[in-house]
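Welcome! Please take a look at the protein below, and then we will walk through the contacts between its side chains.

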Amino acid sequence: ITTGKNNKKFERLCSRDQKERAAALDALTQAVLLCLGSERPGLAEPGESSPKLDKETLLQLLRVSKSCPFRDIREKAAELLHAAEERGVEVPQVLGRGPSFFIPATEIAEEGVQQGEQVLIEAFVSLGRVDHVTMVMGLHPEYLSSFLRAQHYLLQLDGPLPYAWRHYIAIMAAARHQCSYLVQLHASRFLQVGGDPQWLGGLSCVPWKLRSLNELNKLLAHRPWLVTKEHIEALVRPGGEGWCLAELIHAVVLLTHYHSLSSFVFGCGINPEPDHEGGHAFRSPSPHPTDSPATEEGASRPGVGTAGGRGAGEALQEVEALMRKMRLLQEQEEEASQEEMATRFEREKSESLLVAPSDDSTRPTPATVSCFVEDPDFGYEDFTRRGEQAPPTFRAQDYSWEDHGYSLINRLYPDVGQHLDEKFQVVSNLTYNTMAMHSGVDTYMLRKAVWNYIHCVFGIRYDDYDYGDVNHLLERSLKVYIKTVACYPEKTTRKMYNGFWRHFRHSEKVHVNLILLEARMQAALLYSLRAITRYM
C-alpha cells in the first residue's frame, strides 16, 4: 500500500456515514490481505513468503486498533495486525498501556468514556484520531466538547493564517517546553495539510515572517509579563512583509493555546501516541507474546485515590482537614482591608518564587524538537535563580478578559473570543460537588484558589480576592505541582503528581490540570492583548 493511497483509505474510516465507513473498512481489509498474499486470513501456507506491509500502514493499524471509538473498526484493525504477524511480518507493539504514565489505563476508558462517547466519536470524525490528550480530557466530557470546538476553530476553519502555518506555530510553541508529543502530532498534521517538508528541518528553514515570531513565542512561554507594545511594533511592519493585526492575534492565540496544552501533556503524564516515536516497538512474531510494559508500573494503582498502604490513613486525614478549612473560611464573616489583601497577594507572589521542584536536572532535548528552538536557555528558571523581583503586579481590574481582551480578539479575529470565553466559563463552573470520597460539597473556594494562585504566579492580582485563602487551602505539595506544570512543565514528575491530594480521584487531578491549562492561557493572553491594545 503506498503512503498516499494508505492515507486516503484511513481517512475514509472517519466518515460520519456508517455505510461509507463499512465500505472503507472492507477496502482497507482487502488491500492489506492482498499485501499479505491472501484474500482471506488462513488460506496461504505459513511457509510461503509474502511482501511486507509498509511501516506507516502497520502503525496506522496499531493506532486505530487502540483508539478508534467504533468497535468494528478497532477489532478489524487488530485482526489484520494478527494476520500480518502470522504471516511472518514484524508488527509494532504499543510501549506502555493507556494514554497516561500517571493514571492507570483502567481509569481511562480507552474504548470511550461512557458519558462522553459521542464527544470521542466527534473527535475521531473531525481529527482522524482520538489522541491521548482527548482520552484523558474525556474524563470531563463537558470541558472536552468546548476544548475541541475551540481547537477546531483555530486549526480547521477559515481564519487569517494559512492552515500549514497554524500547525507550524503549534510546533514552535510546544518546542519551547520540549513537548515532543505535540511536536510530533502537529508535524504530521502540518504535512497532511500540504506544508513544505523542508520546514520541518527547523526555524532556519522557514520564511522570515514565521521565524520573527520566535521572540514573542519565547516570552509568552516563559515570562509573558515582559511582552510590550515594542514587540508588537517589531512584528507589524508596514509594506506587506510583517504581520497584520488579525494574523498576529491568530498566532498569539495559537501560541498561548499550545504552551498551555504542553502543560497539560506533562501535568497528566501523557504517553506517546502508538504511531509516534517512543510509542511503539517492532518485534519479530512470537508464539507467546508478552505484554508487560514498564510504563504500567509507573501509573498509580487504580482506586479511589493515589495513596496506598500506610499512607492511606494520613491522606484521609488531609482530606478531612481540607474540608474543615473550607467550612471555616465559608463561615468567616470578617473581611480583610484592601491594604491587608494587597499585602497578602504580594507575600504569596514572593513566596511563589521559593516554590520549585526539588529535581533541578535538565533532560536532553531531542534534535527533532530543539531545531525549532532558539535561545533554549531562556526560561522561567532564570527569573527565579537570579534573585530578581517577582513580576510586576498586573491588576486584573485594569485590564481584564471580560472587559478588554474578549472584545479585542473578537474585533480582529471574529468568533474566536466566543470559543475561548466558553472554555474559560466551562472550566470555571465545572464541578461534580464531590471531593475525594465526599459528595454534596461546594468546591467553589478550592477551584477559585487554584485559578488565582496560577494567576498570582504570573503576577496577576484580583483586588477583591483574599490571597490568605490560597495559603489555607493549597498544601505545599500542590503549590509545587501547580508552579512546575505552569512554569516549567517539562520538569513534572510522577512523584509530584502522586504527592498532592493523595486520597483524591485521578479525575479530580485532571480537573486541576484543566484549571491550570485555562488559567495559564488566559494569563498569557492578557499580557499579549494588553500590549496589542497599547500598540493600537
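A salt bridge is a side-chain nitrogen of Lys or Arg within 4 Å of a carboxyl oxygen of Asp or Glu. The model you see is predicted, so local features need pLDDT of at least 70 and side-chain atom pairs count only at pLDDT 80 or more, while totals for chains, interfaces and linings use all residues. Residues are numbered from 1 along each chain as its sequence is written, and side-chain values use heavy atoms, with hydrogens and water left out.

**Salt bridges**

- Side chains of opposite charge can pair when their charged atoms come close.
- The structure holds 16 salt bridges.
- One of them joins Asp 275 and Arg 63, with 3.9 Å from N to O. This pair links distant parts of the chain, 212 residues apart: Asp 275 is in the loop between helix H13 (245-267) and strand S2 (280-283), and Arg 63 is in helix H3 (residues 55-67). Helices (H or I, at least four residues) and strands (E, at least two) are DSSP runs, numbered from the N terminus.
- Both Asp 275 and Arg 63 are buried; buried means under 20% relative accessible area, exposed over 50%, and partly exposed in between (1.4 Å probe, protein chains only).
- Arg 63 and Asp 275 also belong to a network of salt bridges with Arg 129 and Glu 273.
- Arg 502 pairs with Glu 318 in a salt bridge whose closest N and O atoms are 2.6 Å apart. Here, Arg 502 in the loop between helix H24 (494-499) and H25 is linked to Glu 318 in helix H15 (residues 311-331), 184 residues apart.
- Is Arg 502 buried or exposed? Arg 502 is buried, with a relative accessible area of 19%, whereas Glu 318 is partly exposed, at 29%.
- Lys 423 and Glu 518 form a salt bridge too, their closest N and O atoms being 3.0 Å apart. Lys 423 sits in helix H20 (residues 416-429) and Glu 518 in helix H25, 95 residues apart.

**Aromatic rings**

- Rings of Phe, Tyr and Trp (its six-membered ring) pair if their centres lie within 6.5 Å; planes under 30 degrees apart count as stacked, over 60 as edge-to-face and the rest as tilted.
- By this rule there are 20 aromatic pairs.
- Why is the pair of Phe 70 and Phe 124 edge-to-face? The ring planes of Phe 70 and Phe 124 stand at 75°, with the centres 5.9 Å apart, so the pair is edge-to-face. Phe 70 is buried, and Phe 124 is buried as well.
- Tyr 168 and Phe 372 are also edge-to-face, at 5.7 Å centre to centre and 80° between the planes. Tyr 168 lies in helix H8 (residues 163-176) and Phe 372 in the loop between helix H17 (367-370) and helix H18 (380-385), so the pair ties together parts that are 204 residues apart in sequence.
- One aromatic cluster includes Tyr 497, Phe 500 and Trp 501.
- Lys 509 lies over the face of Tyr 497, at 4.7 Å from the ring centre. A charge sits over a ring if NZ of Lys or CZ of Arg is within 6 Å of the ring centre and within 35 degrees of the ring normal.

**The nonpolar core**

- A nonpolar core is a set of buried Ala, Val, Leu, Ile, Met, Phe, Trp, Tyr and Cys residues joined through side-chain atoms within 4.5 Å.
- The largest nonpolar core has 166 residues, and those with the most contacts inside it are Met 137, Trp 243, Phe 264 and Leu 525. Helix H25 (residues 506-535) gives the largest share of this core, 16 residues.
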